[in-house]
Amino acid sequence: MDSPTPKGIDVCLFRERILDVAEEHFRRIGHQKTSVDDMAVHLGVSRANIYRFFPSRSAINKLVCGRFLDRTILFGEAIADVPGPARTKLVALLHALHRERKSTFMRQKPIHDLITAATNENWAVNRAHNEQLAGLTEAIVREGIEAGEFGVKDSAQAARSVVKSFMPFYHPVLIEQGVRSGEDTEAGLLAQTSFIAAALSTSP
């Protein structure tokens, strides 16, 4: 019987190593074409060893996807932390998130396909990502309220409305459709962010 991990390897580190290998394969050939056997061969263990750390292949897909989504949130937090007017930060955040997701489709199609699966199948990691995005947006809106830039009173409700109106420029399927049809998504988002900022600035 195989040992749980190669001799001398920390259990937690080996689990992360499995995810590293899965991510490498997903980037190169996509999650649908990557098998557990591929991961096992790369690591020099049996597929049974992989399943000692993860209950299913689906769990690996979701955890790797979570890695990509977490990096997006870190990227967004860096923008939100830059000193400046809330309106400027909010517009910069939405445009950066749109460009990042559009770039993923155009330059990292296998990862785009993984995020599409997470979105279409409503994976928990995608729901958590959307909640984090709403929280990040809420923090900026709250700054704007405190600075007198925004006239809305409920920052949480306003943030949910912002994220909802932004989704046509962030949903991976709609991003793909827009690019394939030759749509100027940047121009469309510019108009949408102008509308959002104006709506937030309007006093009730």
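**View 1. I18 sits in helix α1.** Helices here are DSSP runs of H or I with at least four residues, strands are runs of E with at least two, and both are numbered from the N terminus. What you're looking at is a predicted model, where local features need pLDDT of at least 70, side-chain atom pairs count only at pLDDT 80 or more, and totals for chains, interfaces and linings use all residues. Residues are numbered from 1 along each chain as its sequence is written, and side-chain values use heavy atoms, with hydrogens and water left out. I18 has a relative accessible area of 0%, so it counts as buried (buried is under 20% relative accessible area, exposed is over 50%, and partly exposed is in between, using a 1.4 Å probe and protein chains only). Which residues does I18 touch, leaving out those up to four places away in sequence? They are L43, I50, F53 and F54, with contact meaning heavy atoms within 4.5 Å. S46 is 28 residues from I18 along the chain, and their C-alpha atoms are separated by 12 Å.

**View 2. The rings of F14 and F53 form an edge-to-face pair.** Their centres are 5.3 Å apart and their planes stand at 65°. For the rule, rings of Phe, Tyr and Trp (its six-membered ring) pair if their centres lie within 6.5 Å; planes under 30 degrees apart are stacked, over 60 edge-to-face, and the rest tilted. That rule gives a count of 2 aromatic pairs. F14 belongs to helix α1 and F53 to the loop between α3 and α4, so the pair ties together parts that are 39 residues apart in sequence. Both partners are tucked away: F14 is buried at 3% relative accessible area, and F53 counts as buried at 12%.

**View 3. Helix α2 (residues 36-43) has its buried residues on the same side.** Those residues are V36, M39, A40 and L43. Why the same side? They cover an arc of only 95° around the axis of α2, where the arc is that of the directions from the helix axis to the C-beta atoms. As background, an α-helix has 3.6 residues a turn, so residues three or four places apart point the same way. What covers the buried residues of α2? The cover includes α1 (11-29), α3 (47-51) and α4 (57-80). After α2 comes G44, with a positive phi near 75°.

**View 4. Helices α5 (residues 86-107) and α7 pack with their axes 8 Å apart.** The angle between them is about 155°. Axes are lines fitted to C-alpha atoms, for helices over the stretch in contact, and angles run from 0 to 180 degrees between N-to-C directions. This makes α5 and α7 roughly antiparallel to each other (under 35 degrees is roughly parallel, over 145 roughly antiparallel, 65 to 115 roughly perpendicular and the rest oblique). On the α5 side you'll find A86, K89, L90, L93, L97 and R101, which meet H129, L133, L136, T137, I140, E143 and G144 in α7. Sorted by class, the contact has 7 nonpolar, 3 polar and 3 charged residues. Here Ala, Val, Leu, Ile, Met, Phe, Trp, Tyr, Cys and Pro are nonpolar, Asp, Glu, Lys and Arg are charged, and the others, Gly among them, are polar.

**View 5. G144 is a buried residue of helix α7.** Its relative accessible area is 0%. Leaving out residues up to four places away in sequence, G144 touches A86, E149 and F150. K89 is 55 residues from G144 along the chain, with their C-alpha atoms separated by 9.8 Å.

**View 6. H112 is a residue of helix α6.** Is H112 buried or exposed? At 2% relative accessibility, it counts as buried. Apart from residues up to four places away in sequence, H112 touches T104, F105, P172 and E176.

**View 7. N122 has a positive phi of about 55°, although it isn't a glycine.** Look for it in the loop between α6 (109-120) and α7 (124-146). N122 is partly exposed, with a relative accessible area of 43%.

**View 8. Stepping back, the chain has 10 helices and 0 strands.** Its C-alpha atoms fill a box of roughly 70 × 40 × 25 Å along the principal axes. Of its 204 residues, 43% count as buried. Among contacts with a separation of 6 or more, 71% come from residues 24 or more positions apart.
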